[in-house]
Amino acid sequence: MKLTGSQAVMESLLKENVKVIFGYPGGAIMPVYDALYDYMDRIIHVLVRHEQGAAHAAEGYGRITGEPGVCLATSGPGATNLVTGIADAMMDSVPIVCITGQVASHLVGSDAFQEADVMGITAPITKWNYQITDANEIPEVFSKAFHIAKTGRPGPVLIDITKDAQFATFDFSYPKEVKMESYQPTTHPHPKQIELAAELLNKAERPYILAGHGVIIAKAEKDLIRLAEKGGIPVAQTLHGVSIFPTAHPLHVGFLGMHGNYGPNILSNKADVVLAVGMRFDDRVTGRLKDYLPDAKIIHIDIDPAELNKNVQVEIPIVADAKNAIQALNKEIKKRSHSAWIKEFQKCYQLEEKKVIQNECDPKKGKIKMGEAIYKLNELTKGEAIIVADVGQHQMMAARYAKFVKPNSFITSGGMGTMGFALPAAMGAKYALLHPPNGQVSDGKASLDREVICITGDGGVQMNIQELATLAQENLPVKIVILNNDFLGMVRQWQELFFKKRYSMTKIKNPDFVTVAKGFYLQAEKVEKREELMGALKRMLKSKGPYLLDIKVEKEQNVFPMIATGASVDEVRLE
């Protein structure tokens, strides 16, 4: 059928089963928006208030569904406003497809109005980018873009379309399959490597599993639980791995990293065999590299061969999809128990509970604490909610104290650490539940009633606070909890501990968030007293629409445990 380039964009999105796009119109993308007018019964468009919000919303959608989230922007500033979200998706392996308009092809390179070299700008932060100048290219490019974004190690792809290509007409035909000789990710493990890995694990006295985001991407959570239970192996999770294991599972020992649990950090260097799955040994996990896992033989499973032996030298590298590799290991692993090794983690937790957790989650006096607010929220959600955390102290508190019973229930910005991420990402996550591709999300069920709760700080929320208007316009029932300490809390903590309390530019004068929210026509309230907290949380969760809860917490509270920059994991501090 003969279509314009803009109509072909819409048809291509339908062929890829896209249900929702997040975007903001402008001159160079206007023909696509004109075509969208005739597709509104089949594709939902969410009008964000800033293109960065569109990219993060697409991330939230991609994180929950495992399918590419889609965002749409104009040329110049529209495209450059996507950049932070694109870089965030690249670091955190999130499938998104970004579509940008571009000036007409004869004007490219002339410094035309709202022209930017989006190809040059985004080349280092995308898996693939392509500029379409001929409408005939649209079907093949879109087919490749979605394939690349969601296969192998997922990530962002950008398609830049000149305005003349959007107007031109051609005979539309969508490819039935994608053929790319140069792009064929390895998904199945080499049998010999699996045999060697199983041999190590079967002989280990202190085996240890480090589970990362790749387990969730591969939908391998149940397979990993079976492996751990069969081998009697304790499992720790990276920041992006939080919720892989049910929090209450006896083999779940906690959260790795700079502000993770005491046991998973301090006992890392006592392990004799470490199985790392779908994680990249980033600096927040390893601490001082030369002293990391000195006595352990390391098995590393990752679909991206570039991650193997990049930061940590490993005994057995396995390039594969995590699900395929874990299932293969499950056939070779012997039934074992490591009760003495597990008890070491339990003792560490008891010490952490006494020195940190009790004071954080059940304080008897003083201001409300961040951990306390999350602990109370847990009581009400029973671990069923999807938590979308921003970046800062509240992020670490959420990772430490939120409870989960379902996988893929914790979303945050890890690699980039992008403040302002959570509010738009929570919108995308909620849309993923309401309008998933293929009618299902990554846990196999679409739940219209499942809560999506944005946990943010008073600094981070202001970076994309304009998206409250999007929530209001869409009446999207995202719940927002601001843990408000009138500081840029994580930076202030470092200034206290390492810069002699020289609080340079971290004390922040905030607006009245309740007044701001009501200005956007949202329900909101402020909590300052401990006895008001539970009632306010109940009202928030009972609300049918969007709701903002501003919780005033202790101003100079620190997050512990903590591994200082340059320290080893076994130098983790409890205070």
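This is a predicted model: local features need pLDDT of at least 70, side-chain atom pairs count only at pLDDT 80 or more; totals for chains, interfaces and linings use all residues.

Biologist: How many salt bridges does the structure hold?

Modeller: There are 28 salt bridges in it.

Biologist: Okay, take aspartate 486. Which lysine meets it at 2.8 Å, N to O?

Modeller: That's lysine 552, side chain to side chain. The two sit in distant parts of the chain, 66 residues apart: aspartate 486 is in the loop between strand E18 (479–484) and helix H20 (489–498), and lysine 552 is in strand E20 (residues 547–552).

Biologist: And aspartate 486, buried or exposed?

Modeller: Buried, at a relative accessible area of 13%. Lysine 552 has 18% relative accessibility, so it counts as buried too, the cut-off being under 20%.

Biologist: What does lysine 555 do with aspartate 486?

Modeller: Lysine 555 forms a salt bridge with it, and the closest N and O atoms are 2.7 Å apart. Lysine 555 comes from the segment after E20, 69 residues away from aspartate 486. Lysine 555 is partly exposed, with a relative accessible area of 37%.

Biologist: Which residues get joined into one network?

Modeller: Arg153, Asp304, Glu307 and Lys310, through salt bridges that share partners.

Biologist: Switching topic: what does arginine 336 pair with?

Modeller: Glutamate 205, in a salt bridge of 4.0 Å, N to O. That one also links distant parts of the chain, 131 residues apart: arginine 336 lies in the loop between helix H14 (322–332) and helix H15 (339–361), glutamate 205 in the loop between helix H9 (191–203) and strand E9 (207–211). Arginine 336 is partly exposed, at 23% relative accessibility.

Terms used. Residues are numbered from 1 along each chain as its sequence is written. Side-chain values use heavy atoms; hydrogens and water are left out. Helices (H or I, at least four residues) and strands (E, at least two) are DSSP runs, numbered from the N terminus. Buried means under 20% relative accessible area, exposed over 50%, partly exposed in between (1.4 Å probe, protein chains only).
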